[in-house]
Amino acid sequence: MIDWMAFLIVFIAALIAAAAVVGLYALGLRLLVTAGRAPLVAPAEFTDAITVMSEKKRLREEKRVEKAVRKNPLTPAQRMIARIGAYACFVVCGGAVVYGIYLIIPLFH
Amino acid sequence: MEITSLVVILVIAFALFFDFTNGFHDTANAMATPIATGAMKPKVAVGVAAILNLIGAFLSTEVARTISGGIIREGDEGVLITPALIFAGLLGAIVWNMLTWLLGLPSSSSHALFGGLIGAALVGVGIHSVDFSVMLSKVILPALVAPVTAGVIAFITTRMAYALTRRYDKKADGRSGFRFGQIFTSSLVALSHGTNDAQKTMGIITLTLIAVGSQDIGTGPQFWVILVCALAIALGTYIGGWRIIKTLGTGLTEVKPAQGFAAEASTAATILASSHLGFALSTTQVASGSVIGSGLGRRGSKVRWGTAGRIAVGWLMTLPSAAIVGAAAAFLAGIGPLGLLIDTIVGVAVILGIYLWSRRDKVDHSNAVADVAASGGAVKITKPRRKKKKAKS
């Protein structure tokens, strides 16, 4: 009577979806870093829940990123591949999200 | 007959108000983590959440169908549920929702709604009125299972996010890039909220329309119902939520971009999958489960179990408390038109009273952040020593 299968399906489906989105996005970031383009996104607004980054700290962080880029042991071609891989990850990640939304809209079925 | 149509109008008005408080309550589910990590400015975040709730309400009406056709036995073989009882149930839900809002507890609007309805049905009709097996499989069990599901998924995905971006050479790891991704995942949570929570009000209005015979049994919500519900929840989302953002964003656990991203992705995935199957789960509890799960997934991150326990108690109390208010209202409504009038007056008085009380110490986007700063000091994080020194300087 109680549909335990439904719970299992929810768990598995949600796990696969979340893991795919998070995994692909993380992998994309990783590849960006490998390609020597570590992203630096400053918070839109400082709250106390985040480690507050002052302007000075931000510049220091940027320098750190630059230094990391300079020391990159990869050849330009390898870096290019990593970058393409990163963008591919982001695209597939976005695609997975769009597909998920598509699945739940009855209008499309 | 005239009284019946008056009651229907009252039910619709109160249902829409409930929808409004629901959005008001639940802004925090989607937007507490991106605000806490600084992915979005509070004002932008709330605006985005409102628009996506509006859109989400149109996407799927599975949950509305669960409510309008199942939990309370209506129709020929069942009992006759009157609009007056639905009204009494709604009153219970609204009063409880307003109260938890005042206290800053992220309690579940859905549980308040079900509690109120069940209480009203038990008093008004009797114990056989509630289909407990549907209750158990579509409401109670999802409520228990969903936060755990979301928590486990958030734990796993947080671990994944950190493992995939970990660097041992202390070079930039690019994790702040998750902050950008959070804009999308938190938007997804807001969208999924629309697919689940706006549906509950649609279900109630549809149930009432079916009860008075102006809609066939087993049909879904009508278009105008979907539209007004979507608008009500969007408006509520936009106007409200600062108070609860305060508790969920900082009180529970410190949130980092990678962690916030994983938590939001898990919340959205769990809610969307459940909505699709028609489970009327509590989006609030799913979001809280994700935040706790992702907190545990992070190294050196510590959930403050005291706060988490306080929230859990709020959850447990929601259904029975709303049921008691709903039952009391149903008892009064059983007297007749006079009882209904008393119900309405008392309900409006309580709502106004709580609203006026809340005005005394107003929390909105201008001072919410300052409060966040104050409570942020109490967050316990065990960081490696090296980092601790850095944070202090």
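In chain B, helix α7(B) passes α8(B) in a right-handed crossing (left-handed if the near helix is turned anticlockwise from the far one by less than a right angle, right-handed if clockwise). This is a predicted model, where local features need pLDDT of at least 70, side-chain atom pairs count only at pLDDT 80 or more, and totals for chains, interfaces and linings use all residues. Residues are numbered from 1 along each chain as its sequence is written, with chains lettered from A and ligands numbered from 1 in the order in which they are written.

**α7 and α8**
- The axes of α7(B) (residues 177-211) and α8(B) (residues 223-239) come within 9 Å and cross at roughly 130°; axes are lines fitted to C-alpha atoms over the stretch in contact, with angles from 0 to 180 degrees between N-to-C directions.
- That makes the pair oblique (under 35 degrees is roughly parallel, over 145 roughly antiparallel, 65 to 115 roughly perpendicular, the rest oblique).
- Residues of α7(B) including Gly194(B) and Ile205(B) meet a set in α8(B) including Cys229(B) and Ile233(B); contact takes C-beta atoms, placed from the backbone, within 7 Å.

**α7 and α10**
- Here α7(B) and α10(B) (residues 257-277) pack at about 25°, axes 8 Å apart, so they are roughly parallel.
- The crossing of α7(B) past α10(B) is left-handed.

**α12**
- Helices here are DSSP runs (H or I, at least four residues), numbered from the N terminus.
- Thr318(B) marks a kink of about 40° in α12(B), shortly before Pro320(B); the bend is the angle between axes fitted to the seven residues ending there and the seven starting there.
- After α12(B) comes Gly336(B), with a positive phi near 140°.

Methods. Helix = DSSP H or I, 4+ residues; strand = E, 2+ residues; numbered from the N terminus. Contact = placed C-beta atoms within 7 Å.
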